[in-house]
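Here are my notes on this one, jotted down as numbered points. Have a look at the model first, then read on.

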Amino acid sequence: MTRRGAVLGTLGWLALSATNAGAATPARTKKKPAAPDVWPHASQVPGGVARLSLGPSAKRPQAFAGDVPLLVVGDPIEWTALVGIALAAEPGEAGITVRAEGKPERQVAYTVAPKQYREQRLTVAPRTVDLSPEDEARYVKERDHLTGVMATLTDMRADAALQMRVPVPGRRSSSFGLRRVFNGQSRNPHSGMDIAAGTGTPVLAPLPGKVIDTGDYFFNGGTVWLDHGGGLLTMYCHLSRVDVKVGDVLKTGEALAAVGATGRVTGPHLHWSVMLNRAMVDPALFVAA
């Protein structure tokens with residue numbers, strides 16, 4: 001993590017030796033440098049990210065939310081645990097377990113603040129709300145497969161840059177966390193960012209990453225998953241075309257697919273999700289406003 005050095009500006013009074021005036025004139029105030037942005041931004045609410053200082057340690061410590069490993073970034077002067085907070089998390093006290101070499105295991109506590117997300121009502125194809133036995137069986141099979149995908153955990157450099165670029169240009173047509181009502185029936189909250197874009201618009205990698213899954217899923221349509229390391233994953237849905245295969249390694253800005261309107265949708269757009277320690281979190285925390 002970038003260490004913030006708070007440098008205070010000073011206001012000095014310089015005495016003038018002018019012949020006709022003995023009054024002091026203030027010098028220009030030195031501006032306080034803006035603290036550098038850190039990514040992701042902290043937002044300790046359901047669907048947000050907690051940034052928890054772990055202090056100094058010669059080696060990167062390990063941190064866990066329950067039995068799920070957490071992403072730890074920084075350097076020996078200060079390490080920081082990044083904790084993805086699930087949308088279903090209850091407001092109140094929470095904590096993580098920290099293990100550092102040569103030190104006793106300890107707990108670090110934090111507080112999850114409440115957040116009220118808006119409601120969105122949508123009309124979609126009835127078969128994508130009231131599933132037939134065949135579609136239900138397909139969904140269960142896909143869900144089980146994706147559970148394994150979401151458990152992917154590979155190493156990440158402690159100093160890796162985590163600011164993401166937005167995968168496609170366009171208006172954010174649906175915000176993260178919205179409580180979704182399809183055809184009058186309440187469903188899970190919206191776990192990503194929807195970006196309005198025309199069919200065929202290239203979808204670009206927001207960070208370096210490895211393709212860990214592609215497929216055509218019942219709800220998500222054409223889909224790609226990227227692994228960025230440390231339990232940080234991204235997902236791209238409703239694609240009209242997939243241009244990568246499992247195992248491909250992408251650089252920031254490389255094309256991976258094209259926007260479409262597949263799966264459960266009301267029109268062409270990109271659904272973009274960010275997952276941290278198996279919790280879907282708000283992608284807006286990783287991008288510049």
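1. Let's start with a turn: a hairpin of two residues links E6 to E7. Strands, labelled E, are DSSP runs of at least two residues and helices (H or I) of at least four, numbered from the N terminus. E6 and strand E7 (residues 78–84) pair antiparallel through five bridges; two strands count as paired if DSSP finds at least two bridges between them.

2. A word on what you're looking at. This is a predicted model, where local features need pLDDT of at least 70 and side-chain atom pairs count only at pLDDT 80 or more, while totals for chains, interfaces and linings use all residues. Residues are numbered from 1 along each chain as its sequence is written, and side-chain values use heavy atoms, with hydrogens and water left out.

3. Three strands make an open antiparallel sheet, in the order E3-E7-E6. Strand E3 (49–55) and strand E6 (71–75) are at its edges with a single partner strand each, so one side of each has no neighbour in the sheet. On average, neighbouring strands here are turned by 25° against each other, direction ignored (axes are lines fitted to C-alpha atoms, for helices over the stretch in contact, and angles run from 0 to 180 degrees between N-to-C directions).

4. Is E6 buried or exposed? Five of its five residues are buried, so E6 is largely enclosed by the rest of the structure. Buried means under 20% relative accessible area, exposed over 50%, and partly exposed in between, with a 1.4 Å probe and protein chains only. Both faces of E6 are covered: Leu71, Val73 and Asp75 are buried on one side, Val72 and Gly74 on the other.

5. Now the whole chain. The protein chain has one helix and 22 strands, and 44% of its 289 residues are buried. Of the contacts (heavy atoms within 4.5 Å) between residues at least 6 apart in sequence, 66% join residues at least 24 apart.

6. What sits in the largest nonpolar core? There are 34 residues, and Val203, Leu232, Tyr236, Leu256 and Trp272 have the most contacts inside it. Such a core is a set of buried Ala, Val, Leu, Ile, Met, Phe, Trp, Tyr and Cys residues joined through side-chain atoms within 4.5 Å. Strands that each supply at least two residues of this core include E6, strand E18 (232–242) and strand E21 (269–276); E21 gives the largest share, four residues. Another core of 16 residues lies apart from it, with Val72, Ala81, Ile85 and Val98 among them.

7. Thr234 is worth a click. Thr234 lies in strand E18 and, at 1% relative accessibility, counts as buried. Its side chain makes a polar contact of 2.7 Å with that of Tyr236. That term means a pair of N or O atoms within 3.5 Å; within protein, one must be able to donate a hydrogen and the other to accept it, and residues adjacent in sequence count only if both atoms are side-chain atoms. Leaving out residues up to four places away in sequence, Thr234 touches several others, among them Met164, Pro206, Trp225 and Trp272.

8. Last one: Phe218, in the loop between strand E16 (209–217) and E17. Phe218 counts as buried at 4% relative accessibility. Phe218 and Arg138 are 80 residues apart in sequence, yet 7.4 Å apart in space, C-alpha to C-alpha.
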